[in-house]
Amino acid sequence: MKKLMGFNLIVVLLLSFFFTLSIMAQEKKEAEEVYTIKKGDTLWDISAKFLKDPFLWPKLWQRNPYITNPHWIYPGNPIRLSPIEEVKKEEPKRVVEEKPEVKEVKPVVAEVKKVELPPVVEKKPEVVEKKIPVEQKRVIPEIRSAGFIAGFDYKGIGTVLDNKEGKNLMAEGDVLYLAFKTADPIAIGNKYTIFKATDDVVDPETQKKIGRKYNIAGNVEIIDRFGNFYTARVLEAFEAIHKGDMIQPYSKEKMEF
């Protein structure tokens with residue numbers, strides 16, 4: 001009897017031990033998904049430490065909606081490191097529309113008397129030739145969305161890194177994150193043009209590739225700065241903007257004629 005009681009006690013102790021380990025493992029997993037901000041931390045540093053890439057700091061901003069400005073994060077606040085799982089939406093039940101019974105209504109035919117109308121005299125409009133002043137005659141400039149031809153290695157002065165909403169395709173009104181590689185000053189309010197490489201250009205006579213065709217995707221305006229990275233809003237998009245699209249200076253003569 002004593003042996004049986006001792007065996008039962010050992011079983012109870014083992015079950016309690018494994019249950020405690022399970023709870024500790026779960027708490028450790030949950031703790032690894034949340035980081036507590038320390039003094040001197042930035043989203044750039046936290047991204048480099050936990051996401052292994054500092055350029056992914058916008059992902060942390062997306063995963064923590066309470067952060068209204070990525071420039072200001074405070075010690076003691078939590079940072080979610082893993083993406084937020086989306087709640088599946090239930091599909092609405094289909095409602096079968098009942099069609100009302102339509103009774104056939106026979107049209108009533110009324111007797112119409114023929115009335116003779118007077119003949120219509122067609123008046124030809126008087127054509128007045130309007131002369132356009134010489135000062136108003138000018139050649140229409142190139143369409144703003146038209147592309148251009150440049151060398152194979154033309155990369156512009158910057159690159160589109162990502163966007164605030166995590167979209168694959170970006171359009172007018174979206175907020176983008178940009179990185180520049182130019183010595184010229186980048187100021188809030190500056191405008192820039194987004195472009196992308198397309199097909200190679202071939203000389204029709206020699207059949208040799210002489211350059212590359214680049215399409216204009218749209219124009220953006222700088223609205224904020226975060227270290228060496230900039231936030232911009234898409235002012236207009238002539239086609240979908242993608243991550244990796246390139247940036248070049250804004251041409252007022254071409255875009256604002």
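In which sense do strand β4 (residues 158-163) and β5 pair, and over how many bridges? The two strands pair in the antiparallel sense, over 5 bridges. Two strands count as paired if DSSP finds at least two bridges between them.

This is a predicted model, in which local features need pLDDT of at least 70, side-chain atom pairs count only at pLDDT 80 or more, and totals for chains, interfaces and linings use all residues. Residues are numbered from 1 along each chain as its sequence is written, and side-chain values use heavy atoms, with hydrogens and water left out.

**Overall make-up and confidence**

The chain has 4 helices and 9 strands. Helices (H or I, at least four residues) and strands (E, at least two) are DSSP runs, numbered from the N terminus. Read from the N terminus on, the order of elements is α-β-α-α-β-β-β-β-β-β-β-β-α. Of the 257 residues in the chain, 24% are buried; buried means under 20% relative accessible area, exposed over 50%, and partly exposed in between (1.4 Å probe, protein chains only). The accessible surface of the chain is about 20,900 Å², and carbon and sulfur atoms account for 57% of it. Such areas come from the Shrake-Rupley method with a 1.4 Å probe, and for residues only the protein chains shown count as cover. Among contacts between residues at least 6 apart in sequence, 63% join residues at least 24 apart; contact means heavy atoms within 4.5 Å.

The average pLDDT of the chain is 77, and 65% of the residues score at least 70. pLDDT is the predictor's confidence in each residue, from 0 to 100. Confidence is lowest in helix α1 (residues 2-32), with a mean of 55, and highest in β9, at 96.

**Strand β5 and its partners**

β5 is mostly covered, with 6 of its 6 residues buried. V175, Y177 and A179 lie on one side, L176, L178 and F180 on the other, and both faces are covered. β5 is joined to β8 by 5 bridges, and these two strands run antiparallel. L178 has V160 as a bridge partner, and in β8 its bridge partner is Y230. β4 also pairs with β9, in the antiparallel sense over 2 bridges. The bridge partners named here are set out below.

| Residue | Bridge partner | Strand of the partner |
|---|---|---|
| V160 | L178 | β5 |
| L178 | Y230 | β8 |
| G158 | I247 | β9 |

**Nonpolar cores**

The largest nonpolar core has 17 residues, and L176, L178, F180, Y192, V220 and I222 have the most contacts inside it. β5 (175-180), β6 (191-202), β7 (209-226) and β8 each supply at least two residues of this core. A second, separate core of 15 residues includes L60, W61, A179 and F226. A nonpolar core is a set of buried Ala, Val, Leu, Ile, Met, Phe, Trp, Tyr and Cys residues joined through side-chain atoms within 4.5 Å. Leaving aside neighbours within four places in sequence, L178 is in contact with T159, V160, L161, V220, I222, F229, Y230, A232 and I247.

**The loop between β8 and β9**

D245 lies in the loop between β8 (229-237) and β9 (246-249), and H242 has its place in the loop between β8 and β9 too. D245 counts as buried because its relative accessibility is 7%. H242 counts as partly exposed because its relative accessibility is 31%.

The side chain of D245 reaches the backbone nitrogen of H242 at 2.8 Å, while the side chain of H242 reaches the backbone oxygen of A240 at 3.5 Å. A polar contact is a pair of N or O atoms within 3.5 Å; within protein, one must be able to donate a hydrogen and the other to accept it, and residues adjacent in sequence count only if both atoms are side-chain atoms.

Not counting residues up to four places away in sequence, D245 touches G158, T159, V160, I194, F195, K196 and A240. H242 and L161 are 81 residues apart in sequence and 8.9 Å apart in space, C-alpha to C-alpha.
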